[in-house]
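Q: I would like to learn how to read this structure. Please show it, and we can start with one residue.

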Amino acid sequence: MDNKTLIDNLSRRLDVSRDTVGILIEGLTQTIGECAAGLDSVSVPSFGTFEPKKRLERVALHPASGRRLLVPPKIVLTFKPSASLKQKIRK
Amino acid sequence: MNDKITITRLGAMLALATGKQKELCEDFLKELFSIVEDELLKGESIRIKGFGTFKLIEVEPRKSVNVATGEETLIPGHDKVIFVAAKELASRVNLPFEAFEAVEIADDLPTDSMDGDEDPEVELSEDSGNAVISPENADDISEASGSVVTEADKSVERQGVCNLEERVGDSQIISEDNFSHSGDMPEEDTLSENDREAELSMPEGDVSETIEPGIEAEIFEENPHSHRNKYIKGFVAGFITALIVGSIVFAAGYLLGFSFGVSKGEDMAESISPVIIETEVIPQDSVSSVYLADSVIGNGPHDEIGKESGIDQVATEPSDKIVYDTVSTTRYLTTIAQEHYGNFNLWPVIYEENEKILGHPDRIRPGTRVVVPPLSKYGIDPKDKDQIKAVKEKGNKIYARYK
């Protein structure tokens with residue numbers, strides 16, 4: 001399902017305009033982004049957890065030049081599906 | 001930090017961020033995730049703009065061994081949910097570390113950082129030991145630490161999330177430190193060095209004799225023992241002293257260009273009249289200890305020679321300030337020549353000046369302190385092309401010696 005259909009579906013179900021849904025999705029991105037930047041995970045019951053993970057800095061070889069590079073640390077957002085969702089998907 | 005945020009709290013935060021009603025936000029979240037779940041159950045992927053994509057990927061069936069029984073079992077293939085964050089969300093999550101970029105590492109980095117750490121520490125302890133801490137030196141240090149603190153503060157303010165930012169701050173402090181070691185310290189050294197030399201030249205000037213400060217100190221140390229102990233011990237000590245005195249005088253006479261006989265004669269006169277010497281010992285003793293410390297740090301095996309050359313400078317040009325510089329893994333003679341003379345081709349001048357403590361010009365030990373002579377001493381004009389050519393050839397000759 002692409003973004004447009006999703007927004008249509010949501011606006012129908014919530015009985016609000018598409019713009020409002022757009023704002024809410026934008027706000028959700030911002031909120032989860034802020035939480036994750038502080039290494040707080042967001043859990044949605046029976047769906048899963050959005051878990052930020054810190055990757056440490058490391059030394060890597062530049063594939064083209066063969067020079068050593070110090071790759072800086074970073075935070076990545078991972079999603080861990082809940083047990084119930086996993087079960088449902090497996091069936 | 002490391003909190004688990006529930007859906008109700010997320011709803012409240014969302015309401016705060018968007019200015020919509022809390023109930024609407026909670027409903028929105030529920031509906032959103034239920035739609036995503038339905039789509040996934042249908043086996044389809046779903047893309048939310050600016051947030052990310054949920055999709056299913058197939059896991060191949062694989063073999064496994066039951067650890068307890070040793071039986072081989074086949075784990076059947078299945079689907080699993082994958083979430084890929086959109087670029088916008090990923091960069092927002094990575095905001096605390098956004099400032100960093102991948103940095104290329106030089107091949108000689110490990111040794112460099114070690115040298116950089118060691119050297120300044122030694123310098124500092126030396127300074128405090130002799131109680132000649134120059135004001136510039138102290139200022140520089142406090143400035144450096146000040147800037148580190150402000151850097152850390154800034155980063156905390158900018159990102160506004162405590163613990164992570166502490167880490168960011170830490171790493172910035174480390175990098176700051178490195179900069180200060182590599183960038184500021186060498187100049188600092190030369191500055192404090194200059195100061196000390198200037199101060200030292202004063203007591204040296206007062207003293208009427210310009211021969212060895214070390215000799216007097218040694219005589220001063222040895223003499224009381226010989227008076228107190230038995231005659232044999234005194235004789236042995238006197239003999240050793242005479243040996244040391246003789247060797248140092250020989251070296252000094254050779255270096256200073258004095259005629260050997262004259263200086264030895266003077267020295268003999270000195271050792272005959274110890275009463276006179278004792279009055280001079282106190283100011284010179286401190287001088288000799290400073291030189292000893294200098295040479296020990298500058299160049300281990302070349303102690304004697306380093307001492308001599310330092311004294312040579314003070315004795316011959318007491319009025320001029322002597323410029324010192326330190327060779328490190330990132331500062332070569334060429335770097336020093338470029339800084340002091342404005343032309344790296346003039347490095348042989350520095351080499352010549354310090355010939356006695358240097359070996360192969362490309363294999364100078366990091367931390368070796370060299371005297372940077374004024375160009376006028378060799379009568380070289382940095383603008384004269386012919387002279388620079390001559391100096392270059394001198395450099396070639398120096399290299400030729402080590403082939």
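Q: How is Phe47(A) classed by relative accessibility?
A: Phe47(A) counts as buried, because its relative accessibility is 1%. Buried means under 20% relative accessible area, exposed over 50%, and partly exposed in between, with a 1.4 Å probe and protein chains only. Phe54(B), at 0% relative accessibility, also counts as buried.

Q: What conventions apply here?
A: This is a predicted model, where local features need pLDDT of at least 70, side-chain atom pairs count only at pLDDT 80 or more, and totals for chains, interfaces and linings use all residues. Residues are numbered from 1 along each chain as its sequence is written, chains are lettered from A and ligands numbered from 1 in the order in which they are written, and side-chain values use heavy atoms, with hydrogens and water left out.

Q: How do I read an aromatic pair, and how many are there over all chains?
A: A pair of aromatic rings is described by the distance of the centres and the angle of the planes. Rings of Phe, Tyr and Trp (its six-membered ring) pair if their centres lie within 6.5 Å; planes under 30 degrees apart count as stacked, over 60 as edge-to-face and the rest as tilted. The count over all chains is 16 aromatic pairs. Take Phe47(A) and Phe54(B): the centres are 5.6 Å apart and the planes stand at 70°, so the pair is edge-to-face.

Q: Where do Phe47(A) and Phe54(B) sit?
A: The pair crosses between chains. Phe47(A) is in the loop between strand 1 (41–44) and strand 2 (48–55) of chain A, and Phe54(B) is in strand 3 (residues 52–59) of chain B. Helices (H or I, at least four residues) and strands (E, at least two) are DSSP runs, numbered from the N terminus.

Q: How are the rings of Phe50(A) and Phe83(B) arranged?
A: They are edge-to-face, because the planes stand at 80°, with centres 5.3 Å apart. Phe50(A) lies in strand 2 of chain A and Phe83(B) in strand 6 (residues 78–85) of chain B, so this pair joins two chains. Both Phe50(A) and Phe83(B) are buried. Ring pairs link a cluster that includes Phe47(A), Phe50(A), Phe54(B) and Phe83(B).

Q: How do I read a sheet, and in what order do the 3 strands of the open sheet run?
A: Strands of a sheet pair through backbone hydrogen bonds, either parallel or antiparallel. Two strands pair if DSSP finds at least two bridges between them. Here the order is 3(A)-4(A)-7(B), with antiparallel pairing. Strand 3 (58–61) of chain A and strand 7 (103–104) of chain B stand at the edges, each with a single partner strand, so one side of each has no neighbour in the sheet. Strand 3 of chain A pairs with strand 4 (residues 68–71) of chain A over 4 bridges. Leu61(A) has Arg68(A) as its bridge partner.

Q: How many residues of chain A are in contact with chain B?
A: Contact means heavy atoms within 4.5 Å. By that rule, 56 residues of chain A are in contact with 60 residues of chain B. Across this interface there are 3 salt bridges (a side-chain nitrogen of Lys or Arg within 4 Å of a carboxyl oxygen of Asp or Glu). The side chains of Glu104(B) and Arg67(A) meet in a salt bridge at 2.3 Å, N to O. Helix 2 of chain A gives the largest share of the side of chain A that touches chain B, 16 residues.
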